Structure formats: C-alpha cells, structure tokens
Amino acid sequence: QFTDRDKRLRRAKITRALHDKAAKTQKPLGEFLLKQNVRNITPFWIFNGMAVTLRADQVSELAARPEVASLRLDGVLTLPQPSPAANNAPAEWNLNAINAPALWAHGYTGTGVVIAAMDTGVDYLHPDIGPRWRGGTNSWYDPNGEHDAPYDGNGHGTGVMGVMVGGDAGGTIIGVAPDAQWIAVKIFNNAGNATYSGIHAGFQWLLDPDGNDETDDAPDVVNNSWGFSLNPGECLPEF
C-alpha cells in the first residue's frame, strides 16, 4: 500500500512499483513471443500485460503458458455522436447551474491544476483553449501515431476541454476552471475508432507522461466522456 500524504511521492512510488513488477515478470513471455515471430508486441506496465498480433494457431500455446492469466481480443470503441445543443439555451447556463462563479469569487479558478482528457483530441488553436495547453512532449499523446501535436478533426474533445478549462476570448468564461492547464490523449483515430489497447496506453501515459518517475508531471484530473453505445448508462469494467 502507498499511504504517503505527499501526492507527488505517492504517485512516484506507485509508478516505480508497477514498472518493477512488469520488468521482473514479463521477460520470459517477451522472449517466447520473439522466438515465435509474434508481431506488434506492446508491453504494458500499468496492468502488467501485453498487446500482440498473433496467428490463430499461436493462441492456444500462448494461453497455456503459466504466466498468462487471460487472453482476449482487442476491443474497439466507436466515437458517440454528440447531442445537438438547444438553440435557445442561455450562454454558460451550465456554469451558473453548478455555481461556478461563486467558486471563482473565492479564488477557486483552477490555478496550479492540470486537467487531462482522453477523447478525439483538442484544437489548440482555439482562442479559448490553446493558451491553457501545458505544452511540451509530456502534454500530448496520440497512441495511433497520427498527430504529433494537439489536433481534433471531430470537435468532441475540444468541446469537452472547453467545458473544463475554456477562457473568455469570446467575452465570457466558458470553462469551469479557466486558470487550469490541460494535457490530452487522442484515443480516437481519424476514423473515429479507439482500441482498448490504445486506451490502456493512454492511461499508462497519463500516469507518467515524460517516462521519468522522478518528475511529477501526471495530471490532477482525467476526464473521459466517451459514451458506450452497447452499454448505455453503465461502466466498462475493462478500464
């Protein structure tokens, strides 16, 4: 158990322990997979597992190995379509509904907080959102390898980020925490699909964005607003 009151120290210990466990337990399996000419081997330390591409005749042998607890197909999530906004809705009614202005008046505007989203990406050229990007290689991750810098060809992720940290470039504040910074993972590819393994890669990156457990660059908040068409109103135990 990790009970340190210092969040930075606690997260560092958790990350280091997960790394150590994966390094000690995955080596024999990794060597076996290489000998079997298995392709696309992606190790995960966040849940001590791997994503691999197998031939059908290799599945039974892999599943029978003593260090393998389970073996299953990589799932795929399809981006849900957002509901249209009401045309007659008053500006920023949502912020008034949760009394956000009252919190701002007490100084709670998100200063010093880093918020992350795993979604379709973020348009960092948006005037209400771009200035709040933390910036750097530890602030954007695309597990699909399609975009090296923040990008959103859909708009869903940008809208989500705007609700969280949007500023007042349009005349009024649109985000709950307008002084917070953001980082993001673009789990949905350009076709609107997200693999389970890609989502796990996103969670793993968020726990240690720069790959150095000595630095504390993980976000304070992670938002996931995907929606599950096959599981309406339910959680997905996979994550």
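You are looking at a predicted model, in which local features need pLDDT of at least 70 and side-chain atom pairs count only at pLDDT 80 or more, while totals for chains, interfaces and linings use all residues. Residues are numbered from 1 along each chain as its sequence is written, and side-chain values use heavy atoms, with hydrogens and water left out.

**Stop 1: the rings**

Rings of Phe, Tyr and Trp (for Trp, the six-membered ring) pair if their centres lie within 6.5 Å; planes under 30 degrees apart are stacked, over 60 edge-to-face, and the rest tilted. The count by this rule is 7 aromatic pairs. Tyr141 and Trp205 make a stacked one, with 5.5 Å from centre to centre and 15° between the planes. This pair links distant parts of the chain, since Tyr141 lies in strand S5 (residues 140-141) and Trp205 in helix H6, 64 residues apart. The element names come from DSSP runs numbered from the N terminus: helices are H or I with at least four residues, strands are E with at least two. Tyr141 is partly exposed, at a relative accessible area of 24%.

Next, select Tyr196, Phe203, Trp226 and Phe239, which ring pairs link into a cluster.

**Stop 2: helix H6**

Now show residues 196-207, which form H6. How many of its 12 residues are buried? The number is 10, so H6 is largely enclosed by the rest of the structure. Among the buried residues are Tyr196, Gly198, His200, Gln204 and Trp205.

The expected span is 1.5 Å times one less than the number of residues.

**Stop 3**

Follow Tyr141 back to its strand. Four strands form an open sheet in the order S5-S6-S4-S8, with parallel pairing. S5 and strand S8 (221-223) stand at the edges with a single partner strand each, so one side of each has no neighbour in the sheet. Two strands count as paired if DSSP finds at least two bridges between them.

Colour strand S4 (residues 114-119) next. It pairs with S8 over 3 bridges in the parallel sense, and 6 bridges join it to strand S6 (residues 181-186), also running parallel. On the S8 side, Ile115 stands opposite Val221, and Ala117 has Asn223 as its bridge partner. On the S6 side, Val114 stands opposite Gln181.

**Stop 3: the hairpin**

Move to residues 39-44, strand S1, and residues 49-53, strand S2, which pair in the antiparallel sense over 4 bridges. Thr42 has Ala51 in S2 as its bridge partner. This hairpin has 4 residues between the strands, and Asn48 takes a positive phi near 55°.

**Stop 4: pockets and a cavity**

Both are found on a 1 Å grid over the protein atoms alone: a cavity is a set of points where a 1.4 Å probe fits but cannot get out, a pocket is an open set with protein on both sides within 12 Å along at least five of seven lines, and lining residues have an atom within 4 Å of a point. Grid points are joined across faces, edges and corners, and a volume is the space filled by probe spheres set on the points.

The largest pocket holds about 880 Å³ of space. Of its 30 lining residues, Met50, Ala51, Ser70, Leu71 and Arg72 are the closest to its centre. Helix H1 (7-35), S1, S2, helix H2 (59-63) and H6 each give two or more residues to the lining, and S2 gives the largest share, 5 residues.

The second largest pocket has a volume of about 160 Å³. Helix H5 (residues 156-165) gives the largest share of its lining, 4 residues.

Finish at the largest cavity, with about 30 Å³ of space. Select Phe32, Leu33, Gln36, Val38, Leu54, Gln58, Glu61 and Leu62 to see its lining. H1 and H2 are the elements that give two or more residues to this lining.

Methods. Buried < 20%, exposed > 50% of the residue type's maximum accessible area, 1.4 Å probe, protein only.
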